[in-house]
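Me: I am new to this structure and would like to learn how to read it feature by feature. Could we begin with how strands are put together?

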Amino acid sequence: MRLPAWLPRSVFLSGIALTAALFVWGGWERRWIADDGLIVLRTVRNLLAGNGPVFNAGERVEANTSTIWTYLVYAFSWLTQARLEYVVLGIALVLSGGAIVLGMLGTGALWRGIGRPGATLLLPAGALAYIAVPPARDYATSGLESCLVIFWIALLWLLLVRWTQRPPTTASVLILAFVAGLGPLVRPELVILAGLALLMIFLAPSTWKLRASIVAVAGAVPVGYQIWRMGYYGLPYPNTAVAKDAGGAKWGQGFTYLWNLVGPYWLWLPLLVLAVAVLVTRPWSGAGAAADTAGGSAVARWQSRLRTPGAVVAVILFTGLLLMIYSLRVGGDFMHGRVLLPVLFCFMLPIAVLPIRIPAREDWGKTRSTALFAVGAGAWLITVIWAISVTNSSGMPNGTVVGKSGIVDERNFYALNTGHPHPILAEDYLDYPRMRPMVEAIANTPDGGLLLPAAAFTYWDVVPPPEPIPEGGAGHTVYFLNLGMTSMNVGLDVKVIDQMGLAYPLAAHTKRLDDGRIGHDKALYPDWVVADTGMVDIHPWLPWYMDEDWVADAKVALTCPETQEVLASSRGELTRQLFIRNFKRAFDYAKYRFDRVPAYELQRCNLVPPPPVEPR
């Protein structure tokens, strides 16, 4: 059957528009900003206030995993002067929809480049499957960098496919290298895809002058930022990696996390069906690869194969596999599906659209082409039916409860616990347990103090500062796990820290709890915080559950020279000498750990314990 010349292109572009629109609409219907998303906005507030890229003024901590996401939100906030939550929501929806558009364009270019498009329809397939998965639409917004991650992957995919299909110019290669080089700043683990892509274009046939330019252009921003990060923060990667011990291994939890996503949605089904359809129908048959006929030496032929669609597909699938293995090793995450979304996106990209070749009129029912059409059309139909069936399914029926696995449906959890179906603004989280009492406690203690969460949700224990109280008060410090909602509902003059260490270097450098909840497996005792902040350390001003001897031990333990040096890397005045020392010792600081029990820490550092506090 001879299709009208305009039909294949119209079907393809309409499919892209429809799929992207469905994703944006689905993201809007499930719009929200997570507590972790609000953490990013605290850093943006400090940037806008002139305090630098920090979470708390006066303490250099990189509390956000994605560098580019932080500065992207900052740039648009500065330009628009709009409310931060709305800025994030707008950027997230644009990037999420853009990722689908770029990904499908790249796959469409892939099939047009290696197939025979005259009588072939490119229908949404893998892209449709991706947007059908509820977590994909949950994290289309959320305030986290998930939207930026899939946008960057899709953009790199499109550029790589185009690089294989047309004679590369110097400008196009350098643009590709620059985009690839940004990977580690999108998320650190994306160095895998960035490295493989750069290695491929570096080793492909080229001149050494261009190769040198590729290295320079790809490395300029990430290497420059890395030097600055190590000197400014005293760490070789974001503090979140230290707090969560991203180098640790929790394989069992990782497989639990994988099945938590794959099992409920039968995710293997569309991947298997579409992969089989592509292998059986072989839409690339008849397309000759330049590498197959290239003359010259074996090395030259091998190099020429690097600039082929097959090599690009292999890189994206291999990246997905490596990202999955990494996620399994670190134990996944506590948010249902979130860290596996880039893995799923990589696996879906080569089949984002499915090529279905329409047989000629005289061949219907008589030749092999009819059977191949039936296989392709059947695979597409199965994918559509599957997508419709899982779109509104609940992967975690009890996802609002923190169970044994530690994994929750984060969006539903916060919707339930705030009473808002779309918690977006910081004020929405004032209805979360403890939040309004926190604001009231700060207002009722003008002298300042350390706020500790009490067992009841209706009040906070406030440890007062020692006298004399300076004019205007000694300032407040809030010590709570949920950093985003706390920090965005108080002024920048209120210090907000957490027992896990995302924004608190002291807690970040404690040892990981073997049996802790994934993503929350550090818990610094509040005795350290009383000692660190210099608050009153005796009863009755200390809460009843705290021990004066523990606080006294913590005060001495904090004098450990190694601990003092690590803390000085982020708290000391940033002189040229400190910057150089931080740069040289950043990896040592990242590996440093101490015991969260003060008495054990005294032993580790060979410090003399203080005398026991007399009973009162």
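Reply: Two strands are said to pair if DSSP finds at least two bridges between them. Please keep in mind throughout that this is a predicted model. Here, strand β3 (residues 449-453) pairs with strand β5 (residues 476-479) in the parallel sense over 3 bridges, and within this pairing Leu-450 has Thr-477 of β5 as its bridge partner.

Me: Which strand runs antiparallel to β3, and how many bridges join the two?

Reply: That strand is β4 (residues 460-463), which runs antiparallel to β3 and is joined to it by 4 bridges. One of the contacts to look for is Pro-453, whose bridge partner in β4 is Trp-460.

Me: How many of the residues of β3 are buried?

Reply: In a regular strand, side chains alternate between the two faces of the sheet. Strand β3 is mostly covered, since 4 of its 5 residues are buried.

Me: Let us turn to charged pairs. How many salt bridges does a search of the whole structure find?

Reply: A salt bridge brings a side-chain nitrogen of Lys or Arg within 4 Å of a carboxyl oxygen of Asp or Glu. The search of the whole structure finds 21 salt bridges. One of them is formed by the side chains of Asp-138 and Arg-30, at 2.6 Å from N to O. This pair links distant parts of the chain, with Asp-138 in helix α6 (residues 134-138) and Arg-30 in the loop between α1 and α2, 108 residues apart.

Me: Are Asp-138 and Arg-30 buried or exposed?

Reply: The general idea is that a residue counts as buried when its relative accessible area is under 20%. Asp-138 is buried because its relative accessible area is 4%, and Arg-30 also counts as buried because its relative accessibility is 14%.

Me: What is the closest distance between N and O atoms in the salt bridge of Arg-585 with Asp-588?

Reply: The closest N and O atoms of Arg-585 and Asp-588 are 3.6 Å apart. Both residues lie in helix α27 (residues 576-591), where a spacing of 3 residues is about one turn of the helix. Arg-585 is partly exposed, at 32% relative accessibility, and Asp-588 is partly exposed as well, at 36%. Elsewhere, salt bridges that share partners join Glu-145, Arg-187, Glu-189, Asp-333 and Arg-338 into one network.

Me: Finally, how do I read the surface, and which residues form the nonpolar patch there?

Reply: Patches are built from residues with over 30% relative accessible area and no salt bridge. The nonpolar patch consists of Trp-266, Trp-268, Leu-272, Val-276, Val-280 and Val-375, which together have about 550 Å² of accessible area. Helix α14 (residues 268-281) gives the most to this patch, with 4 residues. Leu-272 is found in helix α14 and is partly exposed, with a relative accessible area of 48%.

Me: Which residues form a positive patch?

Reply: A positive surface patch is formed by Arg-9, Arg-112, Arg-162 and Arg-166. Among them, Arg-112 has its place in helix α4 (residues 84-114) and counts as partly exposed, at 36% relative accessibility.

How values were computed
Residues numbered from 1 in each chain as written. Predicted model: local features only at pLDDT ≥ 70, side-chain atom pairs only at ≥ 80, totals over all residues. Heavy atoms only, no water. Patch = residues over 30% accessible without salt bridge, like charges linked within 9 Å, V, L, I, M, F, W, Y side chains within 5 Å. Areas by Shrake-Rupley, 256 points an atom, 1.4 Å probe, with all protein chains shown as cover. Lys, Arg positive; Asp, Glu negative; His and termini not counted. Charge placed at Lys NZ, Arg CZ, Asp CG, Glu CD. Buried < 20%, exposed > 50% of the residue type's maximum accessible area, 1.4 Å probe, protein only.
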